[in-house]
Amino acid sequence: MGSESVRLNVIAIGGRHQLLHILPLALELSRRNMIDCRIFVADDDERNIVLRLASRLAIDAPDISVMSLGPVGSKLPKKIARLWKWRNELRSADALLSAERTSTILKRLPGRCPPFLHILHGAGDREKGFEPRLGLFDFVFTAGEKDRQRIIEAGLQDESRVAAIGGIKIAVTRALPPPPKLFANELPIVLYNPHFSRKLGTFHQVAEPMIRQFGGTDRYNLVIAPHVRLKSTMTPSEVADWNSRSGENILVDMGSDRSNDMTYTRSADVYIGDVSSQVYEFIIQPRPCVFVDANDTDWRDDPNYRMWQFGEVLSPDADFVAAADDAIAQFSRFYDLQAKSLRDTYAGLEQSSGNLLKSAADLAETVIVQLGSNGRSRQ
């Protein structure tokens, strides 16, 4: 790299479900002369994910550091322990980029911290996604104008420090071949994709009845694929028990790679969910949706539930086979809302996948070089 290039450390330790939101951008930036990129991951498995993705994108992988903990004996959560142990190495760069927010601890620790940039992982509507730690970043990238405006209106960032660059995960997965066939039959596929939250998610109320209902019909296949963080709240035996519930027209996946790479959101014909941001990945191609409200929520004018405008909202004791029938029959009522929200949620959808990733990296490179150069000059 040239002496004028900006050293960018990419912190990718938020979990595998975040990797496709940040790694393609990091890899595209790494091939540019103005960015000297180094990627930090949590373990060897995630290092291999970076290498496989780089191969798929035909990009030479940059330096990758595994943030090993060693025998630290710390009682801190592993993510915080990693950030503490590696703080000096991480902060030695000209700029930082992450898709998670625990790493903002690097801004609060004593000593120099370079300009810190953030890319939102997902494009959901939950209030927790728009919280005070966003204000600790020097710049924030969103998938589209919807999230950009919400961050500005919440007073979390000045409008000059937020930019919509498009859906990075969408840019990569749209270019993939069709997902593998999930069932031996040709029946329509219903995807149940609950959030991991005990308070807002519906898995524990709905998954069991849903298996009974769809197991008793010959009209649909059912995929149950919760947010991957749900399995972290269960014992290994509980996870194995749920995975074993798969059958002829039932597939239960408690957190494999297919839950992260849009296999299910690309394959399904009907979406049933609660507050998971993956509904926005599903409506990349507008399709019938159903939502489950376990809390009798007053949601209609609440921006945290904007996605519930995409279909009917039902209680956990609903007949979900009938709900799938109704969603298909009434989809025309919701098509325009889905299509408009899609345009607000993801910038650059009119571009090809390759051009979308390149234009996102163009914008990110400009910001990173400016902030990184300024940060270096202040050392």
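Aspartate 296 is exposed, at 73% relative accessible area (over 50%, with a 1.4 Å probe on protein chains only). Its phi is near 50 degrees, so it's a non-glycine residue with a positive value. You'll find aspartate 296 in the loop between strand S12 (289-292) and strand S13 (312-314); strands are DSSP E runs of at least two residues, helices H or I runs of at least four, numbered from the N terminus.

A quick note on the model: it's predicted, with local features needing pLDDT of at least 70 and side-chain atom pairs 80 or more, while totals for chains, interfaces and linings use all residues. Residues are numbered from 1 along each chain as its sequence is written, and side-chain values use heavy atoms, leaving out hydrogens and water.

## Alanine 58

Alanine 58 also has a positive phi, near 60 degrees. This alanine sits in the loop between helix H2 (44-56) and strand S3 (63-66), and counts as exposed at 63% relative accessibility.

## Cavities

There are three cavities of 30 Å³ or more.

The largest cavity holds about 110 Å³ of space. Its lining has 15 residues, with His21, Gly122, Ala143, Gly167 and Ile168 nearest the centre. Helix H7 (residues 168-173) gives the largest share, three residues.

The second largest cavity has a volume of about 40 Å³. Among its lining residues are Leu191, Arg258 and Glu281.

Definitions and conventions. Buried means under 20% relative accessible area, exposed over 50%, partly exposed in between (1.4 Å probe, protein chains only). On a 1 Å grid over the protein atoms alone, a cavity is a set of points where a 1.4 Å probe fits but cannot get out, and a pocket is an open set with protein on both sides within 12 Å along at least five of seven lines; lining residues have an atom within 4 Å of a point. Grid points are joined across faces, edges and corners, and a volume is the space filled by probe spheres set on the points.
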